[in-house]
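Here is a short note for a first look at this model. Please read it with the structure open beside you.

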Amino acid sequence: MIFGQKILKNLHFRKDVPWRVSTIMILVLLLTTLSLNAQNSTDFGGMLTAEYQCSLANYYDVWVKEDLRFDNNFSQYSRSKTAIGFDYKLKKYRLLDGLKMGVAFDFINKYTGRHIYRNRYRFSAHFTYKYDYRNWEFAFRTRYQMMMHDETTGYYNYKMQHVWRNRLSVEYHERNSRWSYGVSGELIAENKDKDLFLESILLVGNVDYRLTRRQYLLVFVRDYRDIYITDDQIRTVFLGIGWRFKH
């Protein structure tokens, strides 16, 4: 309670709070409007995330992340994901400064309807490059992932799905401020008949607030846009809130 009062007190005396609030509203309205125009019907969902990051010897990062998703206008459990990952920064090599590579494993529990829950197992490897310019941070990430999931009802015959994802992101960090803002777009291609086809685009808008030296509060909007749209397809726009701890 005392911690929350300190946050409100800090916001109350900042003259630029209306600008921040308007920025958040613009991000939400922009992504929501685009999603409404992109498909026949739209559902709204919620996301809760928690993440712990630990840096080792300035070159290695280990992280654990948990997220919960709800759809059907926030009323129904959609899925949970537990992820663990390892990143290696290549900044000790001058020519590769800003580049890092990593691997991750995800355990996903997904609700598929009719009180049936399916487990999925996802392995991924990625390369990320970041470039800082004044208060701006530009990043590109390419990621290849393999996921095993069971599509049948009565048998446990797992099939392998291959996905290639490429993301561009931009973040702005206010000088001498706890606030930062970001947008990103990601192209997602999946294997179909032994070939990769572009299936969807993921748009994300986020606002981060640094609570303490190591803790961050995240507010974000995630909008998936499928390239091929069917008549009965429903799109879900997720509104989320998260917490991150960096050690």
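The points below go through the salt bridges of this predicted model.

1. Start with the total. The model has seven salt bridges. The points below take up some of them.

2. Find arginine 244 and glutamate 51. They form a salt bridge, with their closest N and O atoms 3.5 Å apart. Arginine 244 sits in strand E11 (residues 234-246) and glutamate 51 in strand E1 (residues 41-56), so this pair ties together parts that are 193 residues apart in sequence.

3. Are these two residues buried or exposed? Arginine 244 has a relative accessible area of 18%, so it is buried. Glutamate 51 is at 12% relative accessibility and also counts as buried. The cut-off for buried is under 20%.

4. Next, look at aspartate 87 and lysine 100. Their side chains meet in a salt bridge, at 3.7 Å from N to O. Aspartate 87 belongs to strand E3 (residues 76-89) and lysine 100 to strand E4 (residues 99-113), so the pair ties together parts 13 residues apart in sequence. Aspartate 87 counts as buried, because its relative accessibility is 5%.

5. Strand E4 also holds aspartate 106. Which residue does aspartate 106 pair with in a salt bridge? The partner is arginine 122, and the closest N and O atoms are 3.0 Å apart. Arginine 122 lies in strand E5 (residues 116-133), and the pair links distant parts of the chain, 16 residues apart. Aspartate 106 and arginine 122 are both buried.

6. Last, check a group of three. Arg141, Arg165 and Glu186 are linked in a network of salt bridges.

Conventions:
Residues numbered from 1 in each chain as written. Predicted model: local features only at pLDDT ≥ 70, side-chain atom pairs only at ≥ 80, totals over all residues. Heavy atoms only, no water. Salt bridge = Lys/Arg side-chain N within 4 Å of Asp/Glu carboxyl O. Helix = DSSP H or I, 4+ residues; strand = E, 2+ residues; numbered from the N terminus. Buried < 20%, exposed > 50% of the residue type's maximum accessible area, 1.4 Å probe, protein only.
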